[in-house]
There are 2 protein chains.
Amino acid sequence: MADTREVVGVSGPPIRETAHARGYAPLVEVRRGEVVESVHFGAIAVVDAQGTRVAAAGDPAQPVVLRSTAKPAQVLPLIDSGGAERFRFSDAEIAVMTGSHGGEPFHVDAVRSILERIGLDERALQCGAHAPYHRASARALRQSGQEPTALHNNCSGKHAGMLALAVHLGAPIDRYLDSRHPVQERIRARIESLAGLASGAAPLVIDGCSAPTFAMPLASLALLYARLAVPAGPAAGSDPSVRRAVAAMRGHPEMVAGTDRLCTALMRTGRSGLIAKIGAEGMYGLAWERGGTGYGLALKISDGEGQRSRFSVALEALRQLEVLSAEEVPSLRAQYVEEVRNHRGLVVGSVRTAFRLA
Amino acid sequence: MADTREVVGVSGPPIRETAHARGYAPLVEVRRGEVVESVHFGAIAVVDAQGTRVAAAGDPAQPVVLRSTAKPAQVLPLIDSGGAERFRFSDAEIAVMTGSHGGEPFHVDAVRSILERIGLDERALQCGAHAPYHRASARALRQSGQEPTALHNNCSGKHAGMLALAVHLGAPIDRYLDSRHPVQERIRARIESLAGLASGAAPLVIDGCSAPTFAMPLASLALLYARLAVPAGPAAGSDPSVRRAVAAMRGHPEMVAGTDRLCTALMRTGRSGLIAKIGAEGMYGLAWERGGTGYGLALKISDGEGQRSRFSVALEALRQLEVLSAEEVPSLRAQYVEEVRNHRGLVVGSVRTAFRLA
């Protein structure tokens, strides 16, 4: 379509079609028998820690919203400020702050422990409540007659970390989600810097957990991840906060996601120090290290729904980049990518990636 | 991408990228704040009963799999053959045969009644079982300690209709889903004819309910729907079977979908004799009549997941085509298109259509 084509939004005034949609390329074909029934579009950017383009599918300049792929960086100001040291947070606690956890008992215990350490409890969390992602934990909670609390929210670790920074800074704890709160200002500055963006260049939007999150080009997020893999700051100096956060994630991958989750499984492979973090609406951030160089991959599935496309694409990209071996991918696929089955359980189709990183 | 670009499928040999993906255009933007976070691609074809193109978005030649949008046509051979008359099926029973019903008690009763009339019971249904789509009915079933049966499968009406035709023809009832069974052969011939396709031109694939379904260009499905709206056959003769099936759907829209379902609500508007039928993986078939001419619309959301995109696009297309009034659309949107909310229930974004039928 032409750049200036007028399009219509039924819930708002006419808008102009932008480049938003054209950055996406077909990445996944869903077949029924031999017929391609559905297609998932998306974009992938792979860069090294110097910001050099390594590979892409679709347009690496595609703007995306980070959602929970921001979490590994959102924890950094707490470490930068000395707050993590002051409150003696363990690596497991730092890891759950970077996580989209399943609300399993060990996640809930870790978040509760963080809050106790800073003299607060779950009433201070402003993330809202939802049932645990981890099905057995959700079922156990239901069967015990308890309602899910903010502790079970997948973002409760991040929120507890934000509250810890607020307490450490002596800043108000009741409005820690305000974009002009010192906690959020420090987070934004840190994220924009790691992503190689000018201060204030990443528009703020509100995440599902009510915290600010950020929009930026996919390649900028990939750069942020590359700098997680090998912790040298923008000025090529050492970045001990990144080192601490990433060591925590690598040491406690179950805290970053949970039992039966792909992020956890990817980090457990130990391949090239892999870091893996999903985000809502089809986002994935990945980082690894090879020969002393950090690499970051950011991917977005345009439709933002479901897992079949995102997980297929992440695994196939890691295979093409030789971070995972051709032997490792099929077993991870078998566990995390659902087959196309009918109501009698018969396999009647397949989910196939359809891209070559270039 | 170039036509011959080699692409990779991890679960199969390398495949060639085809035109499959390029027929899709961006149809829906999902915004978070003012930022476009996600984009749904799809295609729409609108034709009249003579096969003349009326409007489109994306490529109307995009191949799609019909899934349950085939149902209003799959019932026709039962009526053609005299079977519907022989077994004295009511309009409500014909309607549930065309439906993807919610498994509500009145749906289950209708399907049971069809089976009783032909001397069979639910054990003859080969659709598999799943919990009722209708949440209150699913909950009631669970609370009564009962397991869902094949009667609750959204396709059980269609299967009961197929069994009725098998009984009427004296054909085997145990392999009624075999693509070479007389029931399936008659259905395929009828669908290809209504869609203006040569015999055997629509590839068969297996639907979620284990029955054969069909692949064809989107515009061919739109033609099939246009011919439902004004029942003149390919040779412009009258088509009494279509007349009967469509009258049944219009008279009993609750049987075609169910309580709180968009298909039912659209048919209840009574606008231009609107017929509405969803199908899995992002499909929608719509038909209406204006000034003695039948119009059909077929739409596919490429990603095949979720409802926010499909329902938005269907409503906006009907608004642009002036089948629904600008006043009717907002209340249907409010009821059937979920807003973008966070875990505290605050609206943090919007689902906006971004196409102009041309």
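## A partly exposed loop residue

B:Ser179 has a relative accessible area of 34% and is therefore partly exposed; buried means under 20% relative accessible area, exposed over 50%, and partly exposed in between, with a 1.4 Å probe and protein chains only. B:Ser179 is placed in the loop between α7 (156-169) and α8 of chain B, where helices (H or I, at least four residues) and strands (E, at least two) are DSSP runs numbered from the N terminus. Apart from neighbours within four places in sequence, B:Ser179 is in contact with B:Gln184, B:Glu185, B:Leu204 and B:Pro212, contact meaning heavy atoms within 4.5 Å. B:Ser179 and B:Ala160 are 19 residues apart along the chain, and their C-alpha atoms are separated by 17 Å.

## Basis of the description

The model is predicted: local features need pLDDT of at least 70 and side-chain atom pairs count only at pLDDT 80 or more, while totals for chains, interfaces and linings use all residues. Residues are numbered from 1 along each chain as its sequence is written, chains are lettered from A and ligands numbered from 1 in the order in which they are written, and side-chain values use heavy atoms, with hydrogens and water left out.

## Relation of the two chains

Two copies of a chain are related by a rotation about an axis and a shift along it.

## Aromatic pairs

Over all chains, the count comes to eight aromatic pairs. Rings of Phe, Tyr and Trp (its six-membered ring) pair if their centres lie within 6.5 Å; planes under 30 degrees apart count as stacked, over 60 as edge-to-face and the rest as tilted. One of the pairs is formed by A:Tyr24 and B:Phe41, which are edge-to-face, at 6.5 Å centre to centre with 85 degrees between the planes. This pair joins two chains, because A:Tyr24 lies in the loop between β2 (15-16) and β3 (25-32) of chain A and B:Phe41 in strand β4 (residues 35-48) of chain B. A:Tyr24 is buried, at 8% relative accessible area, and B:Phe41 is buried at 4% relative accessibility.

A second example is the pair of B:Trp288 and B:Tyr295, whose ring centres are 6.0 Å apart and whose planes lie at 15 degrees, so the pair is stacked. B:Trp288 counts as buried, at 2% relative accessibility.

## Packing of helices

In chain A, the axes of helix α13 (residues 308-320) and helix α14 (residues 328-336) come within 10 Å and cross at roughly 175 degrees. Axes are lines fitted to C-alpha atoms, for helices over the stretch in contact, and angles run from 0 to 180 degrees between N-to-C directions. α13(A) and α14(A) are therefore roughly antiparallel to each other; angles under 35 degrees count as roughly parallel, over 145 as roughly antiparallel, 65 to 115 as roughly perpendicular and the rest as oblique. A:Phe311, A:Ser312, A:Leu315 and A:Arg319 of α13(A) make the contact with A:Val329, A:Leu332, A:Arg333 and A:Tyr336 of α14(A). By class, this contact has five nonpolar, one polar and two charged residues. Ala, Val, Leu, Ile, Met, Phe, Trp, Tyr, Cys and Pro count as nonpolar, Asp, Glu, Lys and Arg as charged, and the others, Gly among them, as polar.

In chain B, helix α8 (residues 182-194) and helix α9 (residues 218-229) pack at an angle of about 90 degrees, with their axes 8 Å apart. α8(B) and α9(B) are therefore roughly perpendicular to each other. The contact involves B:Ile191, B:Ser193 and B:Leu194 of α8(B) and B:Leu223, B:Leu224 and B:Arg227 of α9(B).

## Positive phi angles

B:Arg67 is not a glycine, yet has a positive phi of about 50 degrees. B:Arg67 is found in the loop between β6 and α1 (71-74) of chain B and is buried, at 6% relative accessible area.
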